[in-house]
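Hi,

Here is the structure I promised to pass on. Please have a look, then read my notes below.

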Amino acid sequence: MVLEIRNVSKTYPGAAQPALSDVSISVPAGQFLVILGPSGAGKSSLMRCINRLVEPTSGQVFFENKPIMGDLRAIRRQFGMVFQQFNLVKRLSVLTNVLSGRLGYRSVARSLFYSFPESDKQIAAECLARVNMEHKAFQRADTLSGGEQQRVAIARALAQQPKVILADEPVASLDPKIARQVLGYLRQVAKELGITVLCNLHQVDYAREFAERIVGMSRGRVVFDGLAAQLNEEVLNRIYYATAEEQAA
Amino acid sequence: MAVGVSAPGIDLLEDLRARKRWRLHHIALAGAIVAFLAWCADGVNLRPGEVAGALPAIGEYFARMWPPKWEFSEVLWKPALETLYIALWGNVIALFIGLPLGLCAAGNVVRSRLVRNTAKAILNLLRSISELIWAVFFVAAVGLGPFPGALALGVNFGGILGRLYAEALENIDPGPVEALAATGASRLQIIAYAMLPQALPQFVTYNLYWFEVGVRSATVLGMVGAGGIGFELVTTIRLFEWRETGVVLLLILAMVTVIDLASTYIRGRIYGS
Amino acid sequence: MTVAGVLAAEAQRRREGFRRALLWSTGALALLWFTAAQIGLNPAALVRGVPFMLDFFGRMFPPDLAHLALLRDATVETVQIAVWGTLIAIVLSIPLALLGARNTTPHALVFHATRMFLNALRSINELVFALIFVAAVGLGPFAGVLAIALHATGMLAKFCAEEVEGVDRGPIEAMRATGAGRLQVILFGIVPQVVPAFVSYSVYRFDVSIRAATILGLVGAGGLGFSLIKTMKLFLYHQTATCILVIFVLVAVSDWLCARIRARIL
């Protein structure tokens with residue numbers, strides 16, 4: 001197991017309900033796992049508990065059989081993250097954005113001068129080529145369309161040479177044709193490089209199309225864990241429509 | 001209010017009428033404001049008669065400046081350029097003072113409340129004291145001339161710009177900041193790659209604008225011996241050489257207008273790209 | 001483009017960028033060096049002046065709080081000057097802004113004349129106006145009010161004129177279509193769009209005026225400035241400290257108040 005989430009719970013300060021309740025998931029290496037659920041289900045919180053952008057209230061996350069703690073920098077660079085809003089630095093070029101994925105490996109002093117070693121530039125250019133964006137390497141990030149920006153964001157995550165990619169609603173802002181293209185890139189590249197992918201989605205049809213395995217979440221709990229083929233009416237009800245009382249049953 | 005079924009139009013009219021009626025507290029508020037203004041006016045000797053008398057007096061003094069004594073401009077070039085240099089160096093010094101303090105004062109850059117509040121307090125102190133007072137201080141410390149003028153401008157504007165930089169930094173999009181944190185970048189790297197690039201256009205705008213303001217401020221620093229055209233200006237007024245004063249004022253006007261145009265052009269180039 | 005192509009292009013851009021940066025920075029440094037020499041920038045003199053500055057600050061503490069009572073009138077006067085200076089500026093700048101905006105001015109000549117006039121008001125520092133007005137109407141806060149009013153009018157009117165020029169065309173066209181006259185279009189179509197920004201900027205101008213009013217005393221135009229300069233020249237540094245403290249608090253209060261008001265408006 002490359003990733004083991006054990007009994008993770010999270011309650012935000014001042015919140016009435018916990019965002020996550022006793023979530024346990026084991027992820028084998030190389031899997032494309034989709035976490036499916038409505039907004040507010042806790043998908044984003046779960047993802048951020050993995051790379052410690054958010055601290056879980058209780059429970060532990062194990063990466064390659066070691067608990068995640070201590071030097072966050074060294075851990076985070078093994079997790080690439082892709083966001084719904086792309087989160088590229090708009091004024092910087094596409095290439096610089098991808099290069100910034102290497103920052104976790106570089107000493108602070110040299111990187112402050114925007115200077116990267118040749119090896120990093122090689123990696124960045126290759127990652128851009130994998131998502132077919134190398135022809136726009138020198139354009140400013142905000143001149144690109146949504147789908148293109150997300151592909152660059154994927155390249156940035158790839159530049160980290162991560163073991164795991166965490167994709168938090170990567171296509172929620174994109175229209176269907178572009179969304180499928182982006183998810184396609186994500187799946188293909190992960191397969192080629194053997195990267196494990198955890199992908200938060202709320203769209204059922206994308207989940208069916210792209211996932212090997214689906215974990216359904218609702219109100220901070222795991223309510224389903226199985227193959228895409230097992231996603232039937234009853235399961236979807238549990239995820240999307242059941243009330244809290246029905247779920248507790 | 002009518003109970004039960006009633007035509008909506010009638011309720012609306014009643015509502016409008018109710019709004020238009022002058023409430024007691026509105027009248028009291030208006031009265032208080034008028035009283036306040038009257039008290040202020042009394043304090044500054046502002047009386048209608050005075051104002052009516054003042055305008056012709058002022059007009060007469062401006063009339064004495066015409067025609068301007070153009071020959072006087074010969075001795076004005078050096079001080080005029082000096083004024084520009086003071087404004088330039090004033091802004092450079094302001095950048096060196098304002099940028100580090102501004103970074104320390106920004107809520108998303110520095111975690112420590114103590115550091116932030118200290119930086120904000122220093123910035124506030126620097127900006128509250130007028131540059132003219134700083135100039136008097138620096139003239140006493142380093143002697144007469146444009147150098148203390150630049151220092152004074154630098155210190156005062158450093159406080160102003162520092163606060164503006166901090167605000168610009170706090171208003172950036174937090175998304176890229178989170179993204180870079182997720183890649184394992186260190187705090188300093190995040191500041192350099194996600195925060196500063198976003199805030200940079202604002203920084204440039206502020207610096208251009210305050211350079212303009214700096215030129216206008218630098219024109220009076222000479223009054224306290226801190227260089228620039230202010231000295232000539234004050235001297236001509238004190239010696240009642242109004243036609244020479246006119247030339248100085250026109251020169252200042254010309255300088256500021258040119259800077260204004262140049263600044264608009266530069267801003268156009270930056271935002272056009 | 002291939003990966004190798006990207007790398008080659010990047011290397012070339014880096015070289016070009018480096019060259020351009022070198023050129024610009026050499027130019028900038030040359031300019032700074034030249035101007036530094038012209039104004040006698042002298043770090044050594046600054047260092048030498050440090051003992052004086054420390055001595056000055058040392059002598060300022062503790063501030064002479066008994067002096068506060070004497071400053072009360074001057075402080076009040078400073079605020080009053082700022083209030084009326086800004087008020088007059090607001091009243092004057094409304095018509096001037098309308099005359100100085102391309103879409104509301106009656107004639108091109110009027111437009112240009114107004115703009116030139118406003119530029120003149122803006123370029124001249126309040127202190128310079130104060131000097132002239134003190135000669136014209138005598139010492140005291142009255143000259144100060146007029147000085148602040150004129151300079152602020154220039155700034156406020158130009159700002160307002162730019163706002164007027166930038167209004168949304170849609171509502172204006174709609175009003176014209178209903179047959180409204182020119183003045184009505186201005187009053188009901190343009191003015192409401194401009195009011196929030198205008199009020200916000202007026203409040204900002206008041207804040208700036210308070211700051212300016214604190215130094216008008218230097219030329220005899222009223223306010224705290226006179227006391228400040230006098231105590232400095234007489235080496236009564238404990239009282240200078242009190243003055244600075246009062247100015248600091250005044251500006252801080254004004255800042256806070258103005259920020260709150262502007263937040264409520266926008």
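What percentage of the contacts in chain C with a separation of 6 or more comes from residues 24 or more positions apart? The figure is 74%. Keep in mind that this is a predicted model.

Chain C first. The secondary structure is made up of 10 helices and zero strands. Along the sequence, the pattern reads α-α-α-α-α-α-α-α-α-α. The radius of gyration of chain C is 26 Å, while the globule rule gives 18 Å for 266 residues, so chain C is more spread out than a compact globule. Taken along the principal axes, the box filled by its C-alpha atoms is roughly 70 × 65 × 35 Å. As for burial, 41% of the 266 residues of chain C count as buried.

Now the interface between chains B and A. On the chain B side, 19 residues are in contact with 21 residues of chain A. Two helices of chain B, α8 (174–182) and α9 (187–221), each supply at least two residues of the side that touches chain A. The largest share comes from α9(B), with eight residues. What is the make-up of the side of chain B that touches chain A, by nonpolar, polar and charged residues? It divides into 12 nonpolar residues, six polar and one charged.

To recap: chain C has helices and zero strands, and is more spread out than a compact globule. On chain B, α9(B) gives the largest share of the side that touches chain A.

Best wishes

Technical notes: Residues are numbered from 1 along each chain as its sequence is written. Chains are lettered from A and ligands numbered from 1 in the order in which they are written. This is a predicted model: local features need pLDDT of at least 70, side-chain atom pairs count only at pLDDT 80 or more; totals for chains, interfaces and linings use all residues. Helices (H or I, at least four residues) and strands (E, at least two) are DSSP runs, numbered from the N terminus. The radius of gyration is taken over C-alpha atoms; the globule rule is 2.2 Å times the number of residues to the power 0.38. A residue is buried if 20 or more other C-beta atoms lie within 10 Å of its own, exposed if 12 or fewer, and partly exposed in between; C-beta atoms are placed from the backbone. Two residues are in contact if their C-beta atoms, placed from the backbone, lie within 7 Å. Ala, Val, Leu, Ile, Met, Phe, Trp, Tyr, Cys and Pro count as nonpolar, Asp, Glu, Lys and Arg as charged, and the others, Gly among them, as polar.
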